[in-house]
Amino acid sequence: MNRKKILALAFLLGFFALAQAHEYWIMPNRFFLAPGEQVLLVAMVGENYEGEKWGGGNRKLTSFKHYALSGVVDEMKSIQRDSSKVDIDALTLLQEGTHLMTFTTTNQFIALEPQKFNEYLKDDGLEDVIAF
């Protein structure tokens with residue numbers, strides 16, 4: 001196989017992985033709190049910050065961390081999950097300042113029939129990929 005074919009195949013495989021990705025984020029019930037107040041967080045999935053509550057379950061969530069001026073705290077203990085849902089307990093923010101919550105998930109592979117994949121590309125405005 002020549003180099004151009006290998007690069008084209010690598011590009012298509014990489015693009016396929018990205019095209020199948022969804023956006024995940026953590027949505028707080030409010031953005032400004034005083035020290036000692038609790039924040040309710042919801043794990044969401046969708047696109048462009050429009051979506052629904054994420055039901056990732058046990059097999060996908062690998063870490064949940066809270067970054068603040070005082071350091072990093074592993075908050076996995078605040079996650080209640082089973083095979084169909086992820087719930088986050090209310091967190092108390094003890095100090096003022098910026099707080100960053102992050103979570104990590106395992107990879108997920110989605111297989112689509114060629115016609116469904118092409119429809120997916122069209123729905124996401126990626127007709128140029130079909131033309132390629």
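The following legends describe an overview and several close-up views of a predicted model.

**Figure 1. Overview of the chain and its secondary structure elements.** The model shown here is predicted. Its chain holds 3 helices and 10 strands. Read from the N terminus, the order of the elements is α-β-β-β-β-β-β-β-β-β-β-α-α. The chain has 132 residues, of which 27% are buried. Among the contacts in the chain with a separation of 6 or more, 58% are made by residues 24 or more positions apart. The chain exposes about 9,500 Å², and carbon and sulfur atoms account for 56% of this area.

**Figure 2. The aromatic pair of Tyr24 and Trp54.** The whole structure contains 4 aromatic pairs. In the pair formed by Tyr24 and Trp54, the ring centres lie 5.3 Å apart and the planes meet at 70°. The pair is classed as edge-to-face because an angle over 60 degrees between the planes is required for that class. Tyr24 belongs to strand β1 (residues 23–28), whereas Trp54 is located in the loop between β4 (50–53) and β5 (61–68). The two residues are 30 residues apart, and their pairing links distant parts of the chain. Tyr24 has a relative accessible area of 30% and is therefore partly exposed. Trp54 has a relative accessibility of 4%, so this residue counts as buried. Ring pairs also bring Phe103 into a cluster with Tyr24 and Trp54.

**Figure 3. The stacked aromatic pair of Phe117 and Tyr120.** The rings of Phe117 and Tyr120 are 6.4 Å apart from centre to centre, with 20° between their planes. The pair counts as stacked because planes under 30 degrees apart fall into that class. Both residues belong to helix α2 (residues 114–123). Phe117 and Tyr120 are 3 residues apart, which is about one turn of the helix. Both Phe117 and Tyr120 are buried.

Figure 4. Which residue is joined to Ser63 by a polar contact of the side chains? The partner is Thr104, and the contact spans 2.8 Å. Leaving aside residues up to four places away in sequence, Ser63 touches Met76, Thr102, Phe103 and Thr104. Phe103, which is touched by Ser63, is also a member of the ring cluster with Tyr24 and Trp54. Is Ser63 buried or exposed? Its relative accessibility is 15%, and Ser63 therefore counts as buried, because the limit for a buried residue is under 20%.

**Figure 5. Asn48 and Tyr49, two residues with positive phi in the loop between β3 and β4.** Most residues other than glycine have a negative phi. Asn48, however, has a phi near 55°, a positive value in a residue other than glycine. The phi of Tyr49 is likewise positive, near 60°. Asn48 lies in the loop between β3 (41–47) and β4, and Tyr49 is found in the loop between β3 and β4 as well. With a relative accessible area of 61%, Asn48 is exposed. Tyr49 is also exposed, with a relative accessible area of 62%. Both residues are classed in this way because exposed means over 50% relative accessible area.

Methods:
Residues are numbered from 1 along each chain as its sequence is written. This is a predicted model: local features need pLDDT of at least 70, side-chain atom pairs count only at pLDDT 80 or more; totals for chains, interfaces and linings use all residues. Side-chain values use heavy atoms; hydrogens and water are left out. Helices (H or I, at least four residues) and strands (E, at least two) are DSSP runs, numbered from the N terminus. Buried means under 20% relative accessible area, exposed over 50%, partly exposed in between (1.4 Å probe, protein chains only). Contact means heavy atoms within 4.5 Å. Accessible areas come from the Shrake-Rupley method with a 1.4 Å probe; for residues, only the protein chains shown count as cover. Rings of Phe, Tyr and Trp (its six-membered ring) pair if their centres lie within 6.5 Å; planes under 30 degrees apart count as stacked, over 60 as edge-to-face and the rest as tilted. A polar contact is a pair of N or O atoms within 3.5 Å; within protein, one must be able to donate a hydrogen and the other to accept it, and residues adjacent in sequence count only if both atoms are side-chain atoms.
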